[in-house]
Amino acid sequence: MSLKNHNRDVALATVVSCDPKFKLDGAEIRNEFWAVHVDMALVQTENLVWSRKNCNTLGNAEKTKIAWPSTKTALLWSID
C-alpha cells in the first residue's frame, strides 16, 4: 500500500522475512519493517521509506529486496 494513499496498491512483492534481525545492506530491518522482494512496481515513482544503494523509488527497486513498513503490507495467498 502507498505511504501517502492507504487505499492504493503500489507494488506486487514477495515477503522475504518478517524477522526484525534480518539484514539489508548490513542493517537490521527492525520490528516495523518486513523485507520484501519487489516483483513489479505498480507505481514507479512511489518513494521508499528506507533507500538502498541506488534505489529510492519502487521503480528503481524492481527485482530487488527492500524494507517496507509492515503496516503498509497487504497479504494475498493463492491456494491451489
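A salt bridge is a side-chain nitrogen of Lys or Arg within 4 Å of a carboxyl oxygen of Asp or Glu. Side chains of opposite charge can pair when their charged atoms come close. In this predicted model, a search of the whole structure finds three salt bridges.

Two of the pairs involve Asp25. In one, Arg52 pairs with Asp25, and the closest N and O atoms are 2.7 Å apart. This pair links distant parts of the chain, 27 residues apart. Arg52 belongs to strand β5 (residues 47-52), while Asp25 sits in the loop between β2 (23-24) and β3 (27-28). In the other, the side chain of Lys53 meets that of Asp25 at 3.9 Å, N to O. Lys53 lies in the loop between β5 and β6 (55-57), so its pairing with Asp25 ties together parts that are 28 residues apart in sequence.

Arg52 is buried, at 14% relative accessibility. Asp25 is partly exposed, at 43%. Lys53 is exposed, with a relative accessible area of 73%.

Another salt bridge joins Glu32 and Arg30, with the closest N and O atoms 3.0 Å apart. Glu32 is partly exposed at 40% relative accessibility. Arg30 is also partly exposed, at 43%.

Ser17 has a relative accessible area of 12%, so it counts as buried, the cut-off being under 20%. A polar atom of the Ser17 side chain lies 3.0 Å from the backbone nitrogen of Asp19. Beyond its neighbours within four places in sequence, Ser17 is in contact with Phe22, Ile29, Trp34 and Ala35.

Conventions: Residues are numbered from 1 along each chain as its sequence is written. This is a predicted model: local features need pLDDT of at least 70, side-chain atom pairs count only at pLDDT 80 or more; totals for chains, interfaces and linings use all residues. Side-chain values use heavy atoms; hydrogens and water are left out. Buried means under 20% relative accessible area, exposed over 50%, partly exposed in between (1.4 Å probe, protein chains only). A polar contact is a pair of N or O atoms within 3.5 Å; within protein, one must be able to donate a hydrogen and the other to accept it, and residues adjacent in sequence count only if both atoms are side-chain atoms. Contact means heavy atoms within 4.5 Å. Helices (H or I, at least four residues) and strands (E, at least two) are DSSP runs, numbered from the N terminus.
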